[in-house]
Number of protein chains: 2
Amino acid sequence: MVTQEQVKEKLESVLVPSVMRSLVKMNLVREINIEDGKVDITLGSATMTPDVQEWLKKKIEEDTKLDDVDTVNVSFTDGLPKDFNEIGNVIAVMSGKGGVGKSLVASLAAVSLQRQGYEVGILDADITGPSIPRMFGINTRPVGSESGILPVSSRSGVEVMSMNLLLGAESDAVIWRGPLIGKAITQFWEEVLWGKLDYLVVDLPPGTADAPLTVLQTLPVSGIIIVSTPQDLTSMVVKKAVNMARQMSKPIIGVVENMSYLYVSEIDKKLEIFGKSRGQEMAADAGVPLLANLPVDPELAKLCDEGKVELYNTDVLAGFEDSLSQAVKVLP
Amino acid sequence: MVTQEQVKEKLESVLVPSVMRSLVKMNLVREINIEDGKVDITLGSATMTPDVQEWLKKKIEEDTKLDDVDTVNVSFTDGLPKDFNEIGNVIAVMSGKGGVGKSLVASLAAVSLQRQGYEVGILDADITGPSIPRMFGINTRPVGSESGILPVSSRSGVEVMSMNLLLGAESDAVIWRGPLIGKAITQFWEEVLWGKLDYLVVDLPPGTADAPLTVLQTLPVSGIIIVSTPQDLTSMVVKKAVNMARQMSKPIIGVVENMSYLYVSEIDKKLEIFGKSRGQEMAADAGVPLLANLPVDPELAKLCDEGKVELYNTDVLAGFEDSLSQAVKVLP
């Protein structure tokens with residue numbers, strides 16, 4: 001007799017068109033019933049046009065015709081993406097100050113977690129200044145149906161959703177008022193089919209206004225990574241972010257100091273071009289570990305510009321990966 | 001016979017308490033009437049508590065007792081600061097991207113114009129991440145009355161208003177929704193007594209959302225300076241700001257590229273640590289002059305951290321000063 005497990009195993013290799021993850025990983029398999037050689041499979045229809053549903057139906061009917069199966073019947077059930085999303089932990093990357101490298105840290109955190117074998121997504125909540133797609137070299141338009149849309153997979157399999165993917169031209173300005181921006185972020189949470197993820201990394205916009213507020217109030221953020229730089233000015237603004245996180249009772253899991261130094265190989269020196277490192281101090285103030293001192297690295301800047309952040313591989317990143325894997329252990 | 005001019009000359013040396021500018025520069029002298037040795041002076045009362053009014057009254061009565069004056073009478077007329085503000089040009093410093101050095105450029109622009117002999121103020125419209133006061137080393141709480149408040153003067157006489165000056169502690173977070181932030185900016189315009197200024201430089205927050213929108217819609221911005229950096233990622237986001245300015249029919253007067261290079265004296269080299277300079281290209285795209293290529297300068301970073309941006313004095317800044325004085329000529 002064919003078992004549910006056998007059918008599920010088959011479904012694990014059926015990829016959802018345009019996102020390179022299986023029906024199981026997308027959490028769309030709702031029910032498998034087996035009776036007298038008759039297999040009934042119910043799938044969530046979220047984000048799928050009738051065409052896609054038809055294609056999947058045929059594909060599954062073929063793939064699951066196991067030896068002792070007479071008929072395979074695939075049906076669909078309605079529901080919004082949020083009904084199918086199962087996200088282990090939402091980690092928000094935050095900084096009161098802009099341009100400190102928040103998106104870079106969000107990207108590197110996602111890449112690090114993904115390299116450790118986790119299923120990872122990035123929700124780019126910086127609606128008016130989104131930079132995640134550029135770093136990953138993604139410019140595919142997300143697909144979907146009236147019921148929701150799919151994220152776009154990066155080359156290494158990180159799932160990405162960003163306002164930039166939805167704009168006509170990359171340089172179009174999103175001139176929106178706060179409430180609309182809040183709505184966009186809520187939609188990125190409820191109407192994007194993330195499926196099953198271990199970690200969803202959220203790249204917050206700078207500041208302590210609408211967008212970070214909305215994320216912290218509406219998304220079940222379980223941990224915050226704070227990004228700072230050595231500049232005194234930055235640490236002042238970053239402290240605001242720390243206070244905001246505290247006021248909203250969201251746990252900070254660590255601090256990353258970016259632009260800590262520049263290594264100049266000609267003179268074999270680390271130059272503290274933005275001032276003396278304050279990462280350790282910031283972390284101690286917030287009572288959390290310092291996850292990394294990231295340097296100004298022209299090679300990394302180049303990779304980000306070329307959309308190849310996933311190819312970055314240095315000792316510094318390995319160190320970040322280690323401390324991040326320690327830090328996420330405090331999460332539920 | 002005493003003349004209006006003589007009285008006015010006297011009033012030019014009467015400073016408004018706590019802002020180091022005269023009654024004339026603050027545009028508070030509303031009327032001077034002279035009849036039969038009797039001098040009647042009417043002043044705007046905006047921002048002045050009864051104490052201050054009393055003090056001014058006495059001070060003026062003494063100072064203007066010229067030879068052929070019998071009595072001096074000082075009275076006050078109501079009115080909001082906006083009724084007394086007379087601002088030549090509002091220049092907004094903008095960038096879609098955070099952390100590119102917008103506040104630095106706003107500060108240097110103000111300092112440059114001030115060195116050329118203009119009366120200059122800075123309105124820090126970055127409500128949630130204000131950094132202007134820190135750069136100028138200002139931490140005085142602004143004073144005022146129910147009718148409005150006064151900006152705080154920097155050591156070289158630039159008038160500054162920023163949310164950070166109004167907060168209890170510098171690191172308090174302003175957790176406000178868009179509409180409230182818009183309101184704060186409007187108040188900085190209408191309820192702060194700027195008096196007579198040649199230029200009010202507005203440091204916009206990053207992004208293309210509420211705060212820049214509100215400024216561009218409610219303040220009579222006559223020119224915009226766009227700030228960029230060599231990173232490809234930045235130029236993409238900065239183009240959004242350019243498009244936003246165009247959509248709102250606000251003229252861009254120039255582009256400043258910040259963090260263009262780092263000069264390492266040990267090897268006498270300019271390192272393009274954030275990638276190849278794109279300033280010229282950005283400026284050409286926007287059809288405006290490139291006002292400066294500012295380097296990453298540890299000395300400048302230090303001055304900013306120490307609140308001494310006004311002491312910066314290099315060839316690079318002199319070049320910026322020149323091109324800025326050319327660029328502002330297009331303003332009305």
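The centres of domain 1 and domain 2 of chain A, taken over C-alpha atoms, are separated by 34 Å. Domain 1 covers 4–79 and domain 2 covers 83–330, with bounds that come from an automatic or database domain assignment. The model is predicted: local features need pLDDT of at least 70, side-chain atom pairs count only at pLDDT 80 or more, and totals for chains, interfaces and linings use all residues. Residues are numbered from 1 along each chain as its sequence is written, while chains are lettered from A and ligands numbered from 1 in the order in which they are written.

Between the domains, 15 residues of domain 1 of chain A are in contact with 18 residues of domain 2 of chain A; two residues are in contact if their C-beta atoms, placed from the backbone, lie within 7 Å. The side of domain 1 of chain A that touches domain 2 of chain A has 6 nonpolar, 7 polar and 2 charged residues. Here Ala, Val, Leu, Ile, Met, Phe, Trp, Tyr, Cys and Pro count as nonpolar, Asp, Glu, Lys and Arg as charged, and the others, Gly among them, as polar.

Chain A also holds an open sheet of 3 strands in the order β1-β2-β3, with mixed pairing. Helices (H or I, at least four residues) and strands (E, at least two) are DSSP runs, numbered from the N terminus, and two strands pair if DSSP finds at least two bridges between them. The edge strands, β1 (29–35) and β3 (71–77) of chain A, each pair on one side only. β2(A) and β3(A) are parallel, joined over 7 bridges, and A:G44 has A:T77 in β3(A) as its bridge partner. Helix α2(A) lies across β2 and β3 of chain A, at about 150° to β3(A); such angles run from 0 to 180 degrees between N-to-C directions, and axes are lines fitted to C-alpha atoms, for helices over the stretch in contact.

The loop between β2 (38–44) and α2 (50–63) of chain A contains A:T47. Although not a glycine, A:T47 has a positive phi of about 75°. Most residues other than glycine have a negative phi. A:T47 is buried, with 27 other C-beta atoms within 10 Å; buried requires 20 or more such atoms, exposed 12 or fewer, and partly exposed lies in between, with C-beta atoms placed from the backbone. A:D268, in the loop between β13 (262–264) and β14 (269–271) of chain A, has a positive phi of about 45° and counts as exposed, with 7 C-beta neighbours inside 10 Å.
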